[in-house]
Amino acid sequence: MTDASAGDQLEPRTVTITRADLVAYAGASGDLNPIHWNERVAVEVGLPGVIAHGMFTMSLAARYVGDLAGDPAAVVAFSTRFTRPVVVPDDDAGATVELGAKVTDVADDGTRTVSVTATHEGKGVLGKAVATVRPR
């Protein structure tokens with residue numbers, strides 16, 4: 001990414017989220033809300049099914065930018081809004097999230113501002129996702 005210019009589209013990535021990922025993230029984060037692992041509870045509260053943690057989805061997008069940068073420590077800021085949940089079915093296929101990125105600005109010191117997109121089933125799940133990436 002160190003040679004990317006403003007306006008450059010970066011290599012997209014598709015990630016898969018499974019129920020096992022949600023259970024692992026729940027344990028690691030301490031967010032044990034049953035809407036992230038229990039179908040019955042999720043439906044009872046009006047959700048279409050078990051949903052991925054918003055912060056887990058955000059972390060996948062931040063990891064994607066860190067991979068593009070070649071160093072996760074190069075990502076010095078990441079912000080987003082959660083716009084739509086990712087429903088994760090109880091099967092081996094899981095749910096897919098398509099990630100994309102575009103460099104929107106390059107500062108004099110080489111720091112890049114990167115706009116990130118994340119979609120599930122053709123709909124955005126993160127809004128106004130922006131990363132700041134310093135050169136390595």
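Is Ala-129 buried or exposed? Ala-129 is buried, with a relative accessible area of 2%. Here buried means under 20% relative accessible area, exposed means over 50%, and partly exposed lies in between (1.4 Å probe, protein chains only). The structure is a predicted model, in which local features need pLDDT of at least 70 and side-chain atom pairs count only at pLDDT 80 or more, while totals for chains, interfaces and linings use all residues. Residues are numbered from 1 along each chain as its sequence is written, and side-chain values use heavy atoms, with hydrogens and water left out.

The secondary structure of the chain comes to three helices and six strands. Helices (H or I, at least four residues) and strands (E, at least two) are DSSP runs, numbered from the N terminus. Along the sequence, their pattern reads β-α-α-α-β-β-β-β-β. The C-alpha trace spans about 55 × 30 × 25 Å along its principal axes. Of the 136 residues, 40% count as buried. The accessible surface (Shrake-Rupley method, 1.4 Å probe; for residues, only the protein chains shown count as cover) comes to about 7300 Å². Carbon and sulfur atoms account for 51% of this surface. Contact means heavy atoms within 4.5 Å. Among contacts between residues at least 6 apart in sequence, 64% join residues at least 24 apart.

The largest nonpolar core holds 37 residues. Such a core is a set of buried Ala, Val, Leu, Ile, Met, Phe, Trp, Tyr and Cys residues joined through side-chain atoms within 4.5 Å. Ile-17, Val-65, Val-114 and Val-133 touch the most other members. At least two core residues come from each of β1 (9–17), α2 (39–44), α3 (54–69), β2 (75–82), β3 (95–106), β4 (112–120) and β6 (126–133). Helix α3 gives the most, with seven residues.

A pair of aromatic rings is described by the distance of the centres and the angle of the planes. Rings of Phe, Tyr and Trp (its six-membered ring) pair if their centres lie within 6.5 Å; planes under 30 degrees apart count as stacked, over 60 as edge-to-face and the rest as tilted. By this rule the count comes to one pair. The rings of Tyr-25 and Phe-56 have centres 5.1 Å apart and planes at 45°, so the pair is tilted. Tyr-25 lies in helix α1 and Phe-56 in helix α3, 31 residues apart, and the pair links distant parts of the chain.

Ala-129 lies in strand β6. The C-alpha atoms of Ala-129 and Ala-118 are separated by 8.5 Å, and the residues are 11 apart along the chain. Pro-12 is in strand β1. At 54% relative accessibility, Pro-12 counts as exposed. Not counting residues up to four places away in sequence, Pro-12 touches Tyr-64 and Leu-99. Pro-12 and Val-116 are 104 residues apart in sequence and 9.9 Å apart in space, C-alpha to C-alpha.
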